[in-house]
Amino acid sequence: MKIVVAVKQVPDTATQVKISGADPKAIDTAGITWIVSPYDEFAIEEALRIKEKRGQGEVVAVSLGPDRVKEALRSALAMGCDRAIHLNDPAWANADTLATAQALAAVIKQEQPALVLCGRQAIDDDMGAVGAQLAEVLDWPCASWIMDEAVDADAKTVRVGRQVEGGLEVFDIPLPAVLSAQKGLNEPRYPTLKGIMGAKKKEIKDVKPGDLGLTPGAPQLMVKKLEALPARPPGRIIQGEVKDAVKELVRALREDAKAI
Amino acid sequence: MRIELTDEQAMIRDMAREFAQEHIAPIAAEIDRDARFPHETVKRMGELGLLGIMVPEAWGGSGADTVSYVVALEEIARACASHAVIMSVNNSLYCDPVWKYGTDEQRARFLKPVAGGHALGCFALTEPEAGSDARNQHTVAVRDGDDYVITGRKLFISTGREASYALVFAQTDPARAHRGISAFVVEKNTPGFSVSKTEDKLGIRASDTAELVFDACRVPAANRIGDEGKGFHIALATLDGGRIGIAAQAVGIAVGAYERSVRYARERKAFGVPIGEHQMIGWMLADMATAIDGARLITLKAATLKDAGRPYTKEASMAKLFAAETAMKVATDAVQVHGGFGFIREAEVERHFRDAKITQIYEGTSQIQKLVIAREVLK
């Protein structure tokens with residue numbers, strides 16, 4: 001069974017994001033440590049577990065982005081993915097979620113996997129759109145935010161549990177399908193030293209739009225401007241006797257903050 | 001000159017960092033207090049390939065280099081020095097010599113399980129009367145047909161209780177003094193071999209330091225590593241590599257203490273400002289950061305020389321000396337930065353202080369390192 005995992009490289013969760021001085025539509029990438037988006041790590045882990053459980057198969061990691069994205073793909077290979085595909089071209093520099101989904105769909109049509117896994121959203125822009133858009137472009141069924149999955153013995157259907165308020169919603173979905181991973185699906189493994197040393201020997205194939213018969217046009221979704229969050233106003237400490245302070249607090253909440 | 005890790009080395013460091021911060025750091029205080037050997041996390045370190053880093057894959061190891069070993073070990077030590085010594089002894093003092101001096105048959109039997117992390121190894125050189133004076137070996141191995149019969153006592157053996165395999169040094173020809181020393185692998189449960197006690201220590205308390213007793217312990221001649229009389233050479237060459245490991249451990253201890261200090265200096269206020277803004281504290285932090293960087297660089301230099309197959313005895317001793325002295329100084333100052341709180345167990349900084357001390361003592365005291373360096377300088 002072949003599984004494609006779509007991964008995105010994002011700034012480390014500890015990054016203090018700053019808006020670029022040179023380009024108000026972009027963040028300042030100087031000094032950022034890049035990682036595989038954590039939800040995508042759940043997707044990679046689940047793909048590897050499916051392969052291990054079945055005793056055979058292939059897991060292919062795919063990512064779209066500039067040269068630095070090779071590091072994220074290398075991490076996926078170190079975890080155990082068999083090979084990787086890097087959609088790397090300046091024409092994709094401003095790709096929005098739809099253009100990304102179209103590019104991924106084109107690769108997936110070539111690869112013909114039985115299953116596509118991705119994270120429920122990337123932790124940088126939190127759009128959470130690519131998985132569902134990808135399924136739409138492929139015209140495959142889709143389940144988002146899955147917490148549980150079981151592919152049947154013939155790899156014809158997958159039973160998934162989706163997280164909903166207070167429980168799991170369980171579906172049987174015909175394959176091929178697109179699933180997006182929610183936290184709790186599994187605990188991603190650490191790459192072993194052997195995995196890290198072996199990742200160098202695995203293939204990362206560079207793919208251009210032309211290889212997929214695509215000519216990416218202008219994105220439909222364009223960032224006009226990024227704005228930093230307004231600074232939080234300082235807190236106010238109400239002094240005085242408790243009896244008076246409580247009265248003043250209630251008045252301030254009612255009249256100044258209009259919170260009650 | 002390039003000062004940059006390769007992609008693989010950086011990934012190995014990151015993996016070790018994440019694993020250590022998520023799984024080792026949270027239990028470090030508890031296993032130190034209870035002097036409890038961390039079986040569960042050590043097993044996971046084995047699965048990740050951290051216990052046989054420099055051994056080729058064919059012999060159960062990870063096939064990585066000494067630089068990878070150093071950066072990974074620093075990360076483990078930063079979280080817990082006890083885990084670091086277990087890792088260092090297994091990699092440097094057991095796997096390295098059995099790989100280097102063992103035959104393929106010996107590698108298959110004695111190296112593969114240990115490099116793969118399925119069992120642990122230890123290095124038994126020190127005796128009651130052979131510490132810095134390591135030549136003064138009283139343990140004897142008498143040839144008897146196809147066996148040797150080993151009798152003697154080994155003291156202060158790291159991982160001595162938990163190890164399944166011990167690399168033991170013994171006199172096979174006492175008349176030839178240190179040229180009559182040979183090395184043997186002795187398996188746990190060999191009749192005549194026992195662990196007589198586990199020490200109660202100041203630091204690295206979760207690692208077991210044990211006394212091994214050999215009472216007419218019969219070991220097949222096939223367990224002898226290297227030729228008769230080559231044991232002392234094997235021990236010294238092994239300790240050169242081991243010193244790089246202890247240097248990395250010392251750097252990690254220093255980093256752990258330093259990071260707590262920086263955090264505390266930002267949070268703790270005195271005279272209306274965070275204490276880091278007081279020059280006396282700021283300068284202590286500056287000295288810590290500078291010494292740590294220096295210690296790390298010499299350690300990486302020694303590792304790089306070893307990887308290049310060049311002589312590294314002097315650099316390994318320099319790294320071990322400078323890193324150990326740095327760890328002790330940084331950990332001492334770290335307690336000072338924390339003031340009264342630093343003296344309290346809850347702050348955890350006193351653990352780094354207690355752990356740092358051993359790095360100035362084992363695998364050659366700081367004084368012995370100076371002897372080695374002086375000898376190399378005057379060569």
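Predicted model: local features only at pLDDT ≥ 70, side-chain atom pairs only at ≥ 80, totals over all residues.

Me: OK. Is strand S4 of chain A mostly covered or mostly open?

Reply: Mostly covered. S4(A) spans residues 58-64, and six of its seven residues are buried.

Me: Which way does S1 of chain A run against S4(A), and over how many bridges?

Reply: The pairing is parallel, with five bridges linking S1(A), residues 2-6, to S4(A). To find your place in there, look for A:Ala6, whose bridge partner in S4(A) is A:Val62.

Me: And how does S4(A) pair with S5 of chain A?

Reply: Also in the parallel sense. S5(A) covers residues 83-87, and five bridges join S4(A) and S5(A). One pair to click on is A:Val60 with its bridge partner A:Arg83 in S5(A).

Me: What do S4(A), H2 and S5(A) make together?

Reply: A right-handed β-α-β unit, with H2(A) being residues 69-79.

Me: Switching to the interface. How many residues of each chain are in contact?

Reply: On chain A there are 12, and they touch 20 residues of chain B.

Me: How much area do chain A and chain B bury between them?

Reply: About 1400 Å², with 68% of that on carbon and sulfur atoms.

Me: How many salt bridges between chain A and chain B?

Reply: One. B:Glu8 and A:Lys200 form a salt bridge through their side chains, at 4.0 Å from N to O. As for polar contacts between chain A and chain B, three residue pairs count, both residues being at pLDDT 80 or more.

Me: Which helices of chain A supply at least two residues each to the side that touches chain B?

Reply: H2(A) and H5(A), the latter being residues 193-199. H5(A) gives the most to that side of chain A, with four residues.

Me: Moving to chain B, where is B:Glu105, and what is it like for accessibility?

Reply: B:Glu105 is in H5 of chain B, residues 104-115. It counts as exposed because its relative accessibility is 53%, and the cut-off for exposed is over 50%.

Me: How far is B:Glu105 from B:Ala222?

Reply: Their C-alpha atoms are separated by 9.0 Å, while along the chain the two residues are 117 apart.

Me: Now the backbone. Is the peptide bond from A:Leu175 to A:Pro176 cis or trans?

Reply: Cis, with omega near 5°. A:Pro176 is in the loop between S9(A), residues 167-174, and S10(A), residues 177-181.

Me: What's up with phi at A:Lys258?

Reply: Phi there is positive, about 50°, although A:Lys258 is not a glycine. You'll find A:Lys258 in the segment after H6(A), residues 242-256.

Me: Why does A:Lys258 count as exposed?

Reply: Because A:Lys258 has 65% relative accessibility.

Me: And what about phi of B:Glu363?

Reply: B:Glu363 has a positive phi too, near 55°, and is a residue other than glycine. Its place is the loop between H9 (349-359) and H10 (366-377) of chain B.

Me: Buried or exposed, that B:Glu363?

Reply: Buried. The relative accessible area of B:Glu363 is 11%, and buried means under 20%.

Me: Great, that's what I was after. Thanks!

Notes:
Residues numbered from 1 in each chain as written. Chains lettered and ligands numbered in written order. Heavy atoms only, no water. Buried < 20%, exposed > 50% of the residue type's maximum accessible area, 1.4 Å probe, protein only. Pairing = 2+ DSSP bridges. Right-handed = clockwise from strand over helix to strand, strands pointing away. Contact = heavy atoms within 4.5 Å. Buried area = accessible area lost by both parts, 1.4 Å probe. Polar contact = N/O pair within 3.5 Å; in protein donor to acceptor, adjacent residues only side chain to side chain.
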